[in-house]
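Colleague: Could we look through this one together? I would like to follow one residue and its surroundings.

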Amino acid sequence: MFSQTPVQIAWVTENLDATERTLSALLGARRWVRMPAVHFGPETCSYRGEPADFAADISLSYAGDTQLELIAPISGRSVYSEFLDRHGSGLHHVCIEAADLDSFDAKVRAAEADGAPVVCQGEMPGGMRFAYLSAPAAGVPYLEIAYIPPEIRAYFEYVKQEQQ
């Protein structure tokens, strides 16, 4: 479907502390940066074709140049709570990055044409766009495509620098 290297690996968990400890030991992540109660609202996000309204605690770190993301759903029905209900804690998605909004839209359309429907999509404060595509045939529940604008990239660079 794509020939791009993943920039992020993400897990959904019920326990951020335990997952942080385990992945730090296994992958060498040195410090985690938490973002509590990140809200995905109906004005900018959808889940299974309907307006979304959910929140999750998110923790970020890095293993080399790969971002590690931990997600703990805290309210509302979401792609995260659905996963946790069906599978328990575990690997949720890998993310590839689009260079700009045009390539983001093109990658999403191409994925859908290849049989990977969008399950959840939206725009976060700061202009970051994301789409989760169902990808069980690829051996992972979801593939995320993201457009990361300069402001968000600067924050991610800060998180990465915390590893040194």
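Modeller: Gladly! A polar contact here is a pair of N or O atoms within 3.5 Å; within protein, one must be able to donate a hydrogen and the other to accept it, and residues adjacent in sequence count only if both atoms are side-chain atoms. This is a predicted model, where local features need pLDDT of at least 70, side-chain atom pairs count only at pLDDT 80 or more, and totals for chains, interfaces and linings use all residues. Residues are numbered from 1 along each chain as its sequence is written, and side-chain values use heavy atoms, with hydrogens and water left out.

Colleague: Which side chain makes a polar contact with the side chain of Tyr47?

Modeller: Contact in general means heavy atoms within 4.5 Å. Leaving aside neighbours within four places in sequence, the contacts of Tyr47 include Arg77, Val119 and Glu82. The polar one, at 2.5 Å, joins the Tyr47 side chain to that of Glu82.

Colleague: Is Tyr47 buried or exposed?

Modeller: Buried means under 20% relative accessible area, exposed over 50%, and partly exposed in between (1.4 Å probe, protein chains only). Tyr47 has a relative accessibility of 11%, so this residue counts as buried.

Colleague: In β9, what is the bridge partner of Gly122?

Modeller: Strands (E, at least two residues) are DSSP runs, numbered from the N terminus, and two of them pair if DSSP finds at least two bridges between them. Tyr47 lies in β3, residues 45–47, which pairs antiparallel with β8 (residues 118–123) over three bridges; there Cys45 is partnered with Gly122. β8 also pairs antiparallel with β9 (residues 129–134), over five bridges. In β9, the partner of Gly122 is Phe130.

Key: Helices (H or I, at least four residues) and strands (E, at least two) are DSSP runs, numbered from the N terminus.
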